[in-house]
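Subject: Structure handover

Hello,

Here is the structure you asked for. My notes follow below it.

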Amino acid sequence: MLASPFRDGQHIPTTSDMGLQTLRPRVATAKLSTATAPPKLSHPLYSSRAWMQLRDRVRWDAGGRCQAPGCGRREQRMYVDHRVELKDGGEPLDRRNLWLLCGSCHTRKTAAERARRTVERHGGRSV
């Protein structure tokens, strides 16, 4: 039931009846629907001729199959991935540091690496 401005038939005065005005908020509200993430920038390595040739060689050597232990899947979307990530000191153009992964294995490996880095960053404590 909606509240009535009347109690027992009597009018209850409001702030506008008393000549009072409310103040506008001093802090603007954020329009979250318009916020966008910054564009992802790829490392210049991935547009180099040397990378493209090595990437194609890794795909060829793997026969288009995921090289994660026990997987062997072939998918539309495959990733030539650094076994030791560049952030962790992996060699960018060393063939021994590259393997072909399906989307699932790539996601799993990337998540595990991020989790490991997070634990290391926080002194061995998980967050």
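First, a definition: rings of Phe, Tyr and Trp (its six-membered ring) pair if their centres lie within 6.5 Å, and planes under 30 degrees apart count as stacked, over 60 as edge-to-face and the rest as tilted. The structure holds 1 aromatic pair by that rule. The rings belong to Tyr46 and Trp51, with centres 5.0 Å apart and planes at 80 degrees, so the pair is edge-to-face.

Before the rest, the ground rules. This is a predicted model, in which local features need pLDDT of at least 70 and side-chain atom pairs count only at pLDDT 80 or more, while totals for chains, interfaces and linings use all residues. Residues are numbered from 1 along each chain as its sequence is written, and side-chain values use heavy atoms, with hydrogens and water left out.

Overall layout

The protein has 2 helices and 4 strands. These are DSSP runs numbered from the N terminus (helices: H or I, at least four residues; strands: E, at least two). Along the sequence the pattern reads β-β-α-β-β-α. Of the 127 residues in the protein, 20% are buried. Buried means under 20% relative accessible area, exposed means over 50%, and partly exposed lies in between (1.4 Å probe, protein chains only).

The aromatic pair and its surroundings

Tyr46 is partly exposed, at 33%. Pro92 sits in the loop between E3 and E4. Pro92 is partly exposed, with a relative accessible area of 30%.

Salt bridges

A salt bridge here is a side-chain nitrogen of Lys or Arg within 4 Å of a carboxyl oxygen of Asp or Glu. The count comes to 13. Three of them are set out below.

Arg59 with Asp56: this bridge has an N to O distance of 3.9 Å. Both residues lie in helix H1 (residues 49-62), 3 residues apart, about one turn of the helix. Arg59 is partly exposed at 36% relative accessibility. Asp56 is partly exposed as well, at 38%.

Arg95 with Asp61: the N to O distance is 3.4 Å. This pair links distant parts of the chain, 34 residues apart. Arg95 is in the loop between strand E3 (78-82) and strand E4 (98-102), and Asp61 is in helix H1. Asp61 is partly exposed, with a relative accessible area of 41%.

Lys109 with Glu85: the closest N and O atoms are 3.8 Å apart. Lys109 lies in helix H2 (residues 103-121) and Glu85 in the loop between E3 and E4, so the bridge ties together parts that are 24 residues apart in sequence. Both residues are buried. They belong to one network, joined by salt bridges that share partners: Asp81, Glu85, Asp88, Lys109, Glu113, Arg116, Arg117 and Glu120.

What is the relative accessible area of Lys109? The value is 13%, so Lys109 counts as buried. Lys109 and Asp81 are 28 residues apart in sequence and 9.6 Å apart in space, C-alpha to C-alpha.

A charged patch

Which residues form the positive surface patch? They are Lys40, Lys87, Arg114 and Arg121. Patches are made of residues with over 30% relative accessible area and no salt bridge, with like charges joined within 9 Å and nonpolar side chains (Val, Leu, Ile, Met, Phe, Trp, Tyr) within 5 Å. Lys and Arg count as positive and Asp and Glu as negative; His and the chain ends are not counted. A charge is placed at NZ of Lys, CZ of Arg, CG of Asp or CD of Glu. Areas come from the Shrake-Rupley method with a 1.4 Å probe, and for residues only the protein chains shown count as cover. Arg114 is found in helix H2. At 56% relative accessibility, Arg114 is exposed.

Best regards
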